[in-house]
Amino acid sequence: MDIDRRSFLKVLGGGMAGAALGNTLLPRRLKAAEIVPPKQFSGVLVDTTRCVGCRSCEAACAEAHHLTVPDINDQSVFEKERKTTVSQWTVVSRYNTEKGEVFVKKQCMHCNQPGCVSACLVKAMEKRKEGPVTWETNCMGCRYCMPSCPFEIPKFEYHSANPKIQKCNLCWERLKKGEKPACVEACPEEALLFGPRKELIEEANRRIYQKPGKYLTHIYGEHEVGGTGYLYLSKVPFEQIGFRTDLGTTPYPEFTKGFLYSVPLVLLLWPAFLIGVNTLTKREDERKRGGEIR
Amino acid sequence: MKELAKAGEIKNVKDFMVFIRRELKPKGKIFTIFNVISLPIILLGFALIVIRLVKGLGSVTNLSQEFPWGIWIGFDVMVGVAFAGGAYILTFVVYILRSEKYHPLVRATVLNGFLAYVFYAGAIFLDLGRWWNIINPIFGNKFGVNSVLFLVSWHFLLYMISLFIEFSPAVAEWLGFRRVRKILASLTVGAVVFGIALSTLHQSGLGALFLMAKDKIHPLWYTEFIPVLFFVSSVFAGLSMVIFEGTISHRVFADQIDHDHQESFDRILIGLGKACAGALFVYFFMKILILIHGKQWSLLATPMGTWYLIELIGLVLLPCSLFLHGVRYHNLAVIRMAAILSMLGIIINRLNYSVIAYKWYVPLSQRYIPSWMEITITLAIILTEVWVFRWIANRMPVLRESPEWAMEEKTVKKSVTIRKEVPKWKVSAI
């Protein structure tokens, strides 16, 4: 087969474009020099056996982030399970369980490998080295983070012409100054404990072993969806206090990894195959009737 | 009806403006039933779009924190893109496999695909809460390369360009630009190859978007093979759309199509029906394999299981056998019916992933049901697309033959290739 210069350049150009594209689209591999010594993500340990449902954390959160400050003496909010909203980054719910009333604070779990971050096509969602998952205004408002979050935390302002995604940011602005999250500081019962994730797990295990029977021997968030920044201790099974226990331990970004890895492969192999078939059919075609397609 | 510009008729900007002004005038009757019905819907739709842009998504949609994606994503984008799949399949058949039989359909299908991407993927723009940031995935310094949506957005953009290049010779013929046409036509095969690769990835990519909604999609629908299923289903979705759309446009634009082509159209439909039957069977087979491997038998006895079986038997297996029947007995009516059924199957399937089997555990009272305004805007978008398609089909050589000077060029090239090709063939034979 002889190839003239023109078609050779065409194929070469196509291949090079494909290779360049494949390279940029491939998730980048870290070089040894770039790897920084591991620093623990910070998180919060929530001991639900200590929570009394005073909602001080809600008020502190609203104040710290300039949201509507709720009336924390209003007991009627507990009538049904609560979810975070665009103006409430954290909420306390009351659950009637086999061991009586249990109050549970809910907010963003700050996953180690968050689904929302890998979903975001403009990196508006980011996992910070301190531990928080934060949102920035370069967001397009596509809301792909919402179906991708196992805990359904990102909340979107539907009734705004300039809508934002609202969610807990673990008080990232305070963390950078070396302060604790506002909710942790406000908790009068020490139900919330802030610290490096590893130490929190040690502390949680210590509590479980020291008071046998008081806790379930399970830390929610230690392994769920690959580990989360918020960790929970409970005396009752976690399904009873509004946690999904069917989420598995696979980090959510893993679910799309296989597909994304196949992308550069398809972009390289598919055109090569198509050009090959095109060349083959051309010769037969031309033999038959010398047809040049438009 | 005023014909195309003659080759070289347009020499300068002034000629161009005169030509365009002449072409902008309506060419058919103004008060047709279609116009009288569609125009008010389009106007209302655009008024609602203004409200949406000024007051936010919540003012016209029923979207909620529980259901962040409604019909603008689940129908306009997911279904629209699947239906536009005909373009990459037909260009594959005609330009890569060089089956001349389907050539008469290529331009209309490519134009349809291009407009579908512009309008239905354009619906993303309306759905974006912060639409002014729509260029962020393309320009900027923060690329979410680990996001499936990043890939899909780039592919949409690049594929729209590919489709435009594939269609552009028709524009050049319309304007009578001889040299430009020659250059654009030489780009076609490259655009086709690139376009097919892009289509493979973003058709499956739309499915991959749901991979991280693992805990929210009913286990009968959720599988790690969603991307493959989306890709395979786009084959029969696109071809069914070609059958459906071709049938309509062959009636509406009958005056533009010469007799020979009218005759060959029946043969084309049967060929397309055969391909649809094959793709549907492959899809059905994969669905069954996934069902068996998923070990979700018991779920079939639940209400969602019934819904699953309706989709699988009634809207996959049934159209598949109807296609086979139509092909076997050369029954075009059955083929058309099968096309409509399989298109319905695609609509149901894509809506299942985004709305119906999505959070199936949420009670009906809290579920997402599209508002009349969302539906009106969707209709307005579809009707506008039909208007644009009609405008182009009435002016450019889409369904009718290319002008003579363009045909001449092709024949000249043919004879040249024959002469050049003979020794080449001998050489390779030795």
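The legends below describe views of a predicted model.

Residues are numbered from 1 along each chain as its sequence is written, chains are lettered from A and ligands numbered from 1 in the order in which they are written. Local features need pLDDT of at least 70 and side-chain atom pairs count only at pLDDT 80 or more, while totals for chains, interfaces and linings use all residues.

**View 1. The fold of chain B.** Chain B has 14 helices and 0 strands (DSSP runs numbered from the N terminus, H or I of at least four residues for helices and E of at least two for strands). Its radius of gyration, 23 Å, is close to the 22 Å that the globule rule gives for 430 residues, so chain B is as compact as a globular protein of that length (the radius is taken over C-alpha atoms, and the rule is 2.2 Å times the number of residues to the power 0.38). The C-alpha trace of chain B spans about 65 × 60 × 50 Å along its principal axes. Of the 430 residues in chain B, 46% are buried (20 or more other C-beta atoms within 10 Å of the residue's own, with C-beta atoms placed from the backbone).

**View 2. The side of chain A that touches chain B.** In this interface, 58 residues of chain A are in contact with 59 residues of chain B (C-beta atoms, placed from the backbone, within 7 Å). H8(A) gives the largest share of the chain A side, 17 residues. By class, that side has 33 nonpolar, 13 polar and 12 charged residues (Ala, Val, Leu, Ile, Met, Phe, Trp, Tyr, Cys and Pro count as nonpolar, Asp, Glu, Lys and Arg as charged, and the others, Gly among them, as polar).

**View 3. Helices H4(B) and H8(B).** The axes of H4 (residues 86-96) and H8 (residues 178-208) of chain B come within 10 Å and cross at roughly 140 degrees (axes are lines fitted to C-alpha atoms, for helices over the stretch in contact, with angles from 0 to 180 degrees between N-to-C directions). H4(B) and H8(B) are therefore oblique to each other (angles under 35 degrees count as roughly parallel, over 145 as roughly antiparallel, 65 to 115 as roughly perpendicular and the rest as oblique). Residues of the contact include Tyr88(B) and Phe92(B) of H4(B) and Val192(B) and Gly195(B) of H8(B).

**View 4. Helices H2(B) and H13(B).** H2 (residues 33-55) and H13 (residues 372-393) of chain B pack at an angle of about 120 degrees, with their axes 8 Å apart. That makes H2(B) oblique to H13(B). Among the residues in contact are Ile41(B) and Phe46(B) of H2(B) and Ala380(B) and Leu383(B) of H13(B). The contact residues divide into 11 nonpolar, 4 polar and no charged.

Note on methods:
Buried ≥ 20, exposed ≤ 12 C-beta atoms within 10 Å, placed from the backbone. Contact = placed C-beta atoms within 7 Å.
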